[in-house]
Amino acid sequence: MSNTESPDGPPSFEDAFRDDDVEQRIYGTILQIREPATASAIAEQAECDPKTARKYLGWFSDLGIVTRHDGHPTTYERNDAYFQWRRINQLAAEHTIDELQEHVRTLTTRITDYEETYDATTPAAVDAVDAAETSDERTIDDVYSDLADWATARDERKRYERARQQRAGAETDQASG
């Protein structure tokens with residue numbers, strides 16, 4: 001252990017999965033990959049045998065956590081739709097309908113402010129360089145930051161609205177059942 005690492009603190013970034021079991025290391029590797037990868041490549045990153053990686057990747061595929069692409073070689077990639085679904089379920093479980101709706105309202109206000117500021121309906125419709133050059137108040141970094149925040153707010157609003165609808169549907173089902 002290095003002198004800067006606390007025994008109770010997280011492991012270093014270079015060895016983030018040091019104390020995890022093989023299943024957790026493979027799962028952690030799946031979370032990090034951005035492109036389809038072979039079981040061997042995932043096994044190498046997770047520091048395990050490729051046969052073990054294939055076993056867990058098959059299980060994760062059955063659960064919908066990864067998508068398996070048959071071919072030569074077979075590759076696996078993170079199923080972002082699974083993680084979206086999981087996040088929406090978590091939001092619906094942790095918040096009341098009123099809390100979810102309030103967050104949707106707050107995000108809608110933020111989105112509307114950006115639409116008015118940039119005279120556009122989406123962040124993609126904004127020419128960041130032009131917006132910065134024609135503004136006395138915003139640098140190019142400010143504009144890029146705004147556009148990223150605007151895109152995030154739009155995505156987050158969709159998740160919160162879906163969670164609100166899910167929660168409302170569940171409460172309606174309970175009341176009528």
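Which pattern does the protein follow, read along the sequence? The pattern is α-β-α-α-β-β-α-α-α-α. The model shown in these views is predicted.

View 1. The protein has 177 residues, and 31% of them count as buried.

**View 2. Helix α1 packs on helix α3****.** Helix α1 covers residues 22-32, and helix α3 covers residues 50-63. Their axes are 10 Å apart, and the helices pack at an angle of about 65 degrees. Angles of 65 to 115 degrees count as roughly perpendicular, so α1 is roughly perpendicular to α3. The crossing of these two helices is right-handed. On the α1 side, the contact is made by Val22, Glu23, Ile26, Tyr27 and Ile30. On the α3 side, Thr52, Ala53, Tyr56, Leu57, Trp59 and Phe60 take part. Sorted by type, the residues of this contact are nine nonpolar, one polar and one charged.

**View 3. Helix α1 crosses helix α2****.** Helix α2 spans residues 39-46. The axes of α1 and α2 come within 9 Å. They cross at roughly 115 degrees, so the two helices are roughly perpendicular to each other. Here α1 passes α2 in a right-handed crossing. Helix α1 brings Arg25, Ile26, Thr29 and Gln32 to the contact. Helix α2 brings Ile42, Gln45 and Ala46. The residues of the contact divide into three nonpolar, three polar and one charged. Look for Ile26 of α1 here; Ile26 also takes part in the contact with α3.

**View 4. Helix α2 packs on helix α3****.** The axes of α2 and α3 are 8 Å apart. The packing angle is about 105 degrees, so α2 and α3 are roughly perpendicular to each other. From α2, the contact includes Ala39, Ser40, Ile42 and Ala43. From α3, it includes Pro50, Ala53, Arg54 and Leu57. Six of these residues are nonpolar, one is polar and one is charged. Some names return from the earlier views. Ile42 of α2 takes part here and in the contact with α1. Ala53 and Leu57 of α3 take part here and in the contact with α1.

**View 5. His103 in helix α5****.** Helix α5 runs over residues 97-118. The relative accessibility of His103 is 25%. Buried means under 20% and exposed means over 50%, so His103 counts as partly exposed. Which residues does His103 contact, leaving aside its neighbours within four places in sequence? They are Glu156 and Tyr160. The side chains of His103 and Glu156 make a polar contact at 2.8 Å. Glu161 is 58 residues from His103 in sequence. In space, the two are 8.9 Å apart, C-alpha to C-alpha.

**View 6. Leu147 in helix α7****.** Helix α7 takes in residues 140-176. Is Leu147 buried or exposed? Leu147 is buried, because its relative accessible area is 10%. Not counting residues up to four places away in sequence, Leu147 touches Pro123, Val126 and Ala128. Val126 and Leu147 are 21 residues apart in sequence. Their C-alpha atoms are 8.1 Å apart in space.

Methods
Residues are numbered from 1 along each chain as its sequence is written. This is a predicted model: local features need pLDDT of at least 70, side-chain atom pairs count only at pLDDT 80 or more; totals for chains, interfaces and linings use all residues. Side-chain values use heavy atoms; hydrogens and water are left out. Helices (H or I, at least four residues) and strands (E, at least two) are DSSP runs, numbered from the N terminus. Buried means under 20% relative accessible area, exposed over 50%, partly exposed in between (1.4 Å probe, protein chains only). Contact means heavy atoms within 4.5 Å. A polar contact is a pair of N or O atoms within 3.5 Å; within protein, one must be able to donate a hydrogen and the other to accept it, and residues adjacent in sequence count only if both atoms are side-chain atoms. Axes are lines fitted to C-alpha atoms, for helices over the stretch in contact, and angles run from 0 to 180 degrees between N-to-C directions. Angles under 35 degrees count as roughly parallel, over 145 as roughly antiparallel, 65 to 115 as roughly perpendicular and the rest as oblique. A crossing is left-handed if the near helix is turned anticlockwise from the far one by less than a right angle, and right-handed if clockwise. Ala, Val, Leu, Ile, Met, Phe, Trp, Tyr, Cys and Pro count as nonpolar, Asp, Glu, Lys and Arg as charged, and the others, Gly among them, as polar.
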